[in-house]
Amino acid sequence: MVGVLSSIVGAIAAWLAVGLSNRAMIARTLGPELTWVMRDRGELARCEAAPAAWSLEIPGHGKVWAFAAATLRSENPAAPPLDAAITRELERDGVAVRFLPGAGGMIAIRVAPGGPCGVVASHWGPRISAVRLAALVGLPGLLAGLASAAISVLAGVRPLVRRIATARRAAARVGEREGYEPAPHDVDDDLGALARELDRAHARIRADTEEIHRRSTALSQHVADIAHDLRTPIASLQLALEQALLTEGDAAATRELLVRAAEDVVYLGGLTANLRMATELDDGWSHALGATVELGETVDRAAARLRFLAREKGVALDVAVPDEPVRVAADPIAAEQVVANVLENAVIHGKPRGHVAVMLERAGHGGFRVTVLDDGPGVVEEDLPRLGERSFRSDAARRRDGRGRGLGLAISREVAARAGWKLTFAREEPTGLRVTIEGSVLSS
Ligand SMILES: Nc1ncnc2c1ncn2[C@@H]1O[C@H](COP(=O)(O)OP(=O)(O)OP(=O)(O)O)[C@@H](O)[C@H]1O
Ligand SMILES: [Mg+2]
């Protein structure tokens, strides 16, 4: 706005400046011409000889009239009078120029110090049109004014246009991985604020996109892992069942194959339960608020799940729970998974035809303890701290059984931690592993 106003003022000033300079220019060109015509061409003498009848037509300039040097009045009655402004300027400068808007103009000049023709005036009116006058006086001013206005408008607007174009380019590539160029936002105006908003939107979209990409990659990896984990036991189950069909008639062989198939099914059941729990834990699962469980029943149910496997391995599975209920704050399914995973390990990784015991008892003031014992090989001392790490399997376990993912204890440890329980491992002398789960009992 300020730029536009200053342009208009500039244009007017230029108009006036050029107009005034043309005024002087007319005086400088027409003045000497009139002087020359009067003095050197003998018109002064002719006028002085008959002042009442003298006038002169100069082609291209109009008519010239003569006036007495002293009175500034013409003796020729047809001559137009000199108005006050002209006479004032004439007396001051010896020459006067006056524009009559739309009606031409007049120049008056002293050509002799005295006499009836000492001053001549040429009045151009109909001969020089308003358009010509405008062209002569105003047009250069107008053009200069317009040019100045255009320059100052361009000087003010161009940086603005450039900034808008930069912001538009930035907006077009907001959120793209490459190619986003932030618009400059060092100026504290609306465009600067817009540039800052674009930067924020770009950063937010990039962060969200990266997060979605990370999650999608993790999900794909997770699905691939699950497919991989399930493939082996399913293939083993399929093989056992196919072979069982082929050994029809050999009851002992068929039974052995069916037992293997059943073990695969038990393993698949435990694995899918742990995989589901792992996914839920990764999504922030926690024990349902207000959920409670009776641990005696939990231990019984977990042992029941393992009875078949224990029997087939010839493992004696002893269960001991108190007569009174031991009620704790926990999710029932998750609590059962904690105990079942530990118990399954004792049966699977313990000694074939060995012993496994699971005991629930009250401990300390208002606490409980679940102990799972086996008489198998246990784990070497340095592996004890690693029990419960996801994917950890001892070398001995890998050699013993190709199945297993190192997931069971990690799930037990994470679920127990979220219930506020403590899970500890100790070597049992002379052999075996002792696992304890401790926590608080709900006051009845
Ligand atoms: N009672 C145990 N006796 C000997 N080693 C054990 C016992 N319990 C756990 N381990 C060791 O701890 C490792 C991790 O146990 P974890 O239950 O997490 O995995 P896993 O049993 O190998 O596989 P899965 O994911 O099917 O449970 C086992 O591979 C084994 O090496
Ligand atoms: Mg296990």
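1. A backbone N or O atom of Leu409 lies 3.0 Å from an oxygen atom of ligand 1, and a backbone N or O atom of Gly406 is 3.1 Å from an oxygen atom of ligand 1. The side chain of Asp374 has an N or O atom 2.9 Å from a nitrogen atom of ligand 1. Polar contacts here are pairs of N or O atoms within 3.5 Å. Of the 590 Å² of accessible area that ligand 1 has on its own, the protein covers 96% (Shrake-Rupley method, 1.4 Å probe).

2. On provenance: this is a predicted model, in which local features need pLDDT of at least 70 and side-chain atom pairs count only at pLDDT 80 or more, while totals for chains, interfaces and linings use all residues. Residues are numbered from 1 along each chain as its sequence is written, chains are lettered from A and ligands numbered from 1 in the order written, and side-chain values use heavy atoms, without hydrogens and water.

3. Around ligand 1 there are 19 residues, of which Asn345, His349, Arg393, Ser394 and Leu407 come nearest (near: a heavy atom within 4 Å). By class, this shell has nine nonpolar, seven polar and three charged residues; Ala, Val, Leu, Ile, Met, Phe, Trp, Tyr, Cys and Pro count as nonpolar, Asp, Glu, Lys and Arg as charged, and the others, Gly among them, as polar.

4. Helices α8 (332-349) and α10 (408-419) each supply at least two residues of the shell, and α8 gives the most, with three. Helices (H or I, at least four residues) and strands (E, at least two) are DSSP runs, numbered from the N terminus.

5. The space taken by ligand 1 is the largest pocket, with a volume of about 790 Å³. A pocket is an open set of points on a 1 Å grid over the protein atoms alone, where a 1.4 Å probe fits, with protein on both sides within 12 Å along at least five of seven lines; lining residues have an atom within 4 Å of a point. Its lining has 42 residues, divided into 20 nonpolar, 12 polar and 10 charged. Helix α8 gives the most to this lining, with seven residues.

6. The second largest pocket has a volume of about 310 Å³. Arg214, Arg215, Ala218, Leu219, His222, Thr279, Asp282 and Asp283 line this pocket, and they divide into two nonpolar, two polar and four charged. Helix α5 (190-246) gives the most to the lining, with five residues.

Terms used:
Polar contact = N/O pair within 3.5 Å; in protein donor to acceptor, adjacent residues only side chain to side chain. Sits in = over half its atoms within 2 Å of the grid points. Points joined across faces, edges and corners; volume = space filled by probe spheres on them.
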